[in-house]
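Please take a look at the sequence and the structure below. Then follow the text through them, one chain at a time.

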Amino acid sequence: MKYLLLIQTTSVDADGAADECTVEDWMAYDKEVRDAGVFVSGESLADLITATTVRVAPSGERTVTDGPFAETREVLGGFYVIDVPDLDAALDWAARCPGSRGSGAVTVRPVADFSA
Amino acid sequence: MDGKDTGAPAAARASVEAVFREEHGLLLASLVRRFGDLDLAEEVASEAVEAALRHWPAEGVPARPGAWLLTTARRRAVDRLRRDRTYADRLAVLRVEAERAEPAPPADAGGGLPDDRLQLFFTCAHPALPAEDRGALLLRCLAGLTTAETARAHLVPTATMAQRIVRAKRKIREARIPFRVPGPDELPERLPGVLAAVYSVFTEGYAASSGPHLQRADLAAEAVRLARILHRLMPAEREAAGLLALLLLVHARRAARTGPDGAPVLLADQDRARWDRAMIDEGRALVVAALTGGSPGPYGVQAAIAALHAEAPHADATDWPQIAALYDVLMALAPSPVVALNRAAAVAMRDGPEAGLALLDGLAGEPRLRGHHPYPAARADLLARLGRTAEAAAAYREAIALAGTDPDKADLRRRLAALADAPPPQR
């Protein structure tokens with residue numbers, strides 16, 4: 001079963017790294033996920049200032065705006081999709097993710113399966 | 001297992017239902033283990049009991065009702081899977097993955113129902129489920145209550161409870177919360193959640209948070225039953241023993257806890273002859289088990305405090321120094337403003353009302369005690385003992401405004417009224 005791990009960070013510095021973990025922590029975690037054979041995909045997202053939002057009105061009119069206006073304190077910093085047997089296994093990978101430390105959090109969402 | 005009218009005579013039906021309720025948790029857990037799907041397990045368990053209601057009144061209750069129910073339910077499940085290929089395919093995938101995740105347990109040697117209930121405990125009380133739904137799921141899946149009974153116990157409409165249970169089961173299915181007992185390394189993290197869910201069922205039953213009735217004994221009794229099953233399944237876990245001990249020792253006071261008019265009777269004023277001695281003895285033996293062989297846990301310590309109350313032949317004989325010392329231990333293990341409040345009350349009994357009041361006043365800013373009527377009530381009692389009548393009256397009035405149940409309000413009004421003809425202050 002596939003799960004999306006949404007990595008929420010509260011504050012990132014100019015390099016996109018949060019205070020609680022180092023680039024080395026992330027590299028080690030990424031290697032673990034791949035070596036365990038559960039990795040499906042995963043990306044780290046560029047800084048929030050680079051984000052752009054698109055909306056299309058019923059009339060077909062397209063609105064493009066800068067950023068999501070992040071009033072929420074949590075910002076999506078990256079994600080993994082992993083394939084593991086159950087939620088306990090997914091929660092375990094989430095707990096080991098450097099993004100879950102300190103002020104950060106990882107949200108675990110099962111990926112909907114329409115094939116069955 | 002929501003009953004449908006099958007035309008069976010009421011008495012036979014009641015006896016069958018009693019059997020079914022006892023076997024329900026075992027049956028459901030076995031089916032969940034086999035088919036990996038709670039909905040299917042509940043559906044076929046319910047069909048099996050309907051079949052029992054048709055056959056047993058005429059043919060008699062079989063020697064091993066549990067095995068009969070399991071065989072019948074399994075047959076229904078296989079039929080259902082034959083009819084519904086898509087569902088069967090989905091379950092097949094589930095089962096393969098479940099087996100990949102965990103080796104199958106050894107087959108049951110006795111030929112009776114294998115006991116798979118522990119995994120169901122961990123599923124129902126999973127931290128990924130809303131805390132308020134975990135107790136309800138335990139009542140449904142392991143205590144064998146119907147949705148309507150669970151709803152009544154929680155004083156919510158059946159439709160509301162049904163909706164909550166459906167949502168929780170949907171999360172179990174779609175997020176794939178597993179049916180498994182956590183490994184030894186995960187257990188310290190996961191077991192407290194299971195114990196807390198059982199305890200929440202008990203506290204909900206012991207003191208209704210709102211409404212006209214102070215106690216809902218049925219719910220408390222169900223919690224004792226759940227704690228008993230859990231302790232039997234995990235005899236080596238001292239906190240499981242501690243929880244059962246605590247529930248037994250508190251539940252033993254149930255008959256003395258309310259007066260004939262339904263008003264609450266304070267521990268000090270209870271008729272101790274009405275305490276359930278057998279239950280106390282069982283609880284005390286378990287306290288010993290809970291506190292032996294390692295550092296104590298919070299349930300074991302609370303049970304030890306309850307045991308000290310139980311051992312005092314009358315209120316004046318209570319070992320307050322020991323109780324206050326145990327509250328110190330509890331504050332170190334599981335600090336909370338409510339524990340601090342109880343500790344202050346014990347210190348007041350040991351060292352006098354001034355000492356207790358000083359501790360209570362130190363808790364004045366605690367957000368978790370704001371709106372908690374026992375806090376102003378405890379202050380009022382100590383102020384009354386110190387002869388500070390006007391302040392005591394104000395604190396009682398504050399407590400009356402916050403109390404949720406009518407009997408609690410009435411009791412506080414009585415204590416307020418008693419201030420007028422209070423005896424001279426102690427000490």
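What follows is a walk through this predicted model, starting with chain A and moving on to chain B.

Start with the open sheet of chain A. Four strands form it, in the order β2-β5-β1-β6. Their pairing is antiparallel. At the edges sit β2 (39–44) and β6 (105–110) of chain A, and each of them pairs on one side only. On average, neighbouring strands in this sheet are turned by 20° against each other, direction ignored. In general, strands of a sheet pair through backbone hydrogen bonds, either parallel or antiparallel.

Now look at one pairing in detail. β2(A) and β5(A), the latter covering residues 75–83, are joined by five bridges. Within this pairing, A:G42 has A:Y80 of β5(A) as its bridge partner.

Next comes helix α2 of chain A, residues 87–96. Its buried residues are A:L87, A:D88, A:A90, A:L91, A:W93 and A:A94. What covers them? The cover includes β1 (2–9), α1 (23–35), β5 and β6 of chain A. Three of the named strands, β1, β5 and β6, also belong to the open sheet.

Strand β4 of chain A, residues 62–66, gives another picture. A:V56 stands opposite A:R62 of β4(A). The hairpin of β3(A) and β4(A) has five residues between the strands. There A:G60 takes a positive phi near 95°.

Turn to chain B. It has 20 helices and zero strands. Of its 427 residues, 42% count as buried. Take the contacts in chain B with a separation of 6 or more: 65% of them are between residues 24 or more positions apart.

The largest nonpolar core has 128 residues. B:L138, B:V198 and B:L249 have the most contacts inside it. Beyond its neighbours within four places in sequence, B:L138 is in contact with B:C124, B:A125, B:A143, B:A197, B:V198, B:V201 and B:L226.

The one to take up now is B:A290, in helix α13 (residues 277–291) of chain B. Why does B:A290 count as buried? Because 30 other C-beta atoms lie within 10 Å, and the cut-off for a buried residue is 20 or more. Leaving aside neighbours within four places in sequence, its contacts are B:R238, B:A241, B:G242, B:A245, B:G300 and B:A303. B:A290 and B:A317 are 27 residues apart in sequence, and their C-alpha atoms are 24 Å apart in space.

The other is B:R176, in the loop between α8 (158–174) and α9 (187–206) of chain B. B:R176 counts as buried because it has 22 C-beta neighbours inside 10 Å. B:R176 also has a positive phi of about 55°, although it is not a glycine. Most residues other than glycine have a negative phi.

How values were computed:
Residues are numbered from 1 along each chain as its sequence is written. Chains are lettered from A and ligands numbered from 1 in the order in which they are written. This is a predicted model: local features need pLDDT of at least 70, side-chain atom pairs count only at pLDDT 80 or more; totals for chains, interfaces and linings use all residues. Helices (H or I, at least four residues) and strands (E, at least two) are DSSP runs, numbered from the N terminus. A residue is buried if 20 or more other C-beta atoms lie within 10 Å of its own, exposed if 12 or fewer, and partly exposed in between; C-beta atoms are placed from the backbone. Two residues are in contact if their C-beta atoms, placed from the backbone, lie within 7 Å. Two strands pair if DSSP finds at least two bridges between them. Axes are lines fitted to C-alpha atoms, for helices over the stretch in contact, and angles run from 0 to 180 degrees between N-to-C directions. A nonpolar core is a set of buried Ala, Val, Leu, Ile, Met, Phe, Trp, Tyr and Cys residues joined through C-beta atoms within 7 Å.
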